[in-house]
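Visitor: Hi! I'm new to this one, could you walk me through it?
Guide: Happy to, let's bring it up and take it step by step.

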Amino acid sequence: QALDEAISIENRRLAMRYAGASLGLGTLLACTGAFVTVKSAQYYLGVNSIHEFAVYMRSFLPGRKAEAIGSMQIEERKDRATTWFRDSLGVGKIVGAVEADRQERQL
């Protein structure tokens, strides 16, 4: 009974108001921080668009080839993650056993 009295409708309203205010303030701070970071980078690097930023970074980091675009890097990461997942966790053995059982059932 004491618990029901402690969680009254008014207390629930206050809790929702504080939760909403906290979420709003956190969102505002995160967006403001991101905006300030982007504007600071634009001012410091002297760029005005994503394309200019990409050109600047390619000239600043000459070790990377211009042909190395994101899709190739994503494929490499995907292959590495798949290999790690199969090798270190033993998923490859399980998948192989399931595939072998499936093929035996088809025969």
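Guide: Here is a short tour, starting with the overall build and then turning to some residues.

Visitor: Great. What am I looking at, and how many helices and strands are there?
Guide: This is a predicted model. The protein has five helices and zero strands, so along the sequence the pattern reads α-α-α-α-α.

Visitor: How much of the protein counts as buried?
Guide: Of its 107 residues, 2% count as buried.

Visitor: And what about the area it exposes?
Guide: The protein exposes about 9800 Å², with 63% of that supplied by carbon and sulfur atoms.

Visitor: Which residues form a nonpolar patch on the surface?
Guide: That patch is formed by Leu-25, Leu-28 and Leu-29, and together they have about 320 Å² of accessible area. Leu-25 sits in helix α2, which covers residues 9-45.

Visitor: Changing topic: how many salt bridges are there?
Guide: The count comes to one salt bridge. Its partners are Glu-10 and Arg-13, whose closest N and O atoms are 3.6 Å apart. The cut-off for such a pair is within 4 Å.

Visitor: Where do those two sit relative to each other?
Guide: Both are in helix α2, and because they are three residues apart there, about one helical turn separates Glu-10 from Arg-13.

Visitor: Are they buried or exposed?
Guide: Glu-10 has 44% relative accessibility, so this residue counts as partly exposed. Arg-13 has 54% relative accessibility and counts as exposed, because the cut-off for exposed is over 50%.

Note on methods: Residues are numbered from 1 along each chain as its sequence is written. This is a predicted model: local features need pLDDT of at least 70, side-chain atom pairs count only at pLDDT 80 or more; totals for chains, interfaces and linings use all residues. Side-chain values use heavy atoms; hydrogens and water are left out. Patches are made of residues with over 30% relative accessible area and no salt bridge: like charges are joined within 9 Å, nonpolar side chains (Val, Leu, Ile, Met, Phe, Trp, Tyr) within 5 Å. Accessible areas come from the Shrake-Rupley method with a 1.4 Å probe; for residues, only the protein chains shown count as cover. A salt bridge is a side-chain nitrogen of Lys or Arg within 4 Å of a carboxyl oxygen of Asp or Glu. Helices (H or I, at least four residues) and strands (E, at least two) are DSSP runs, numbered from the N terminus. Buried means under 20% relative accessible area, exposed over 50%, partly exposed in between (1.4 Å probe, protein chains only).
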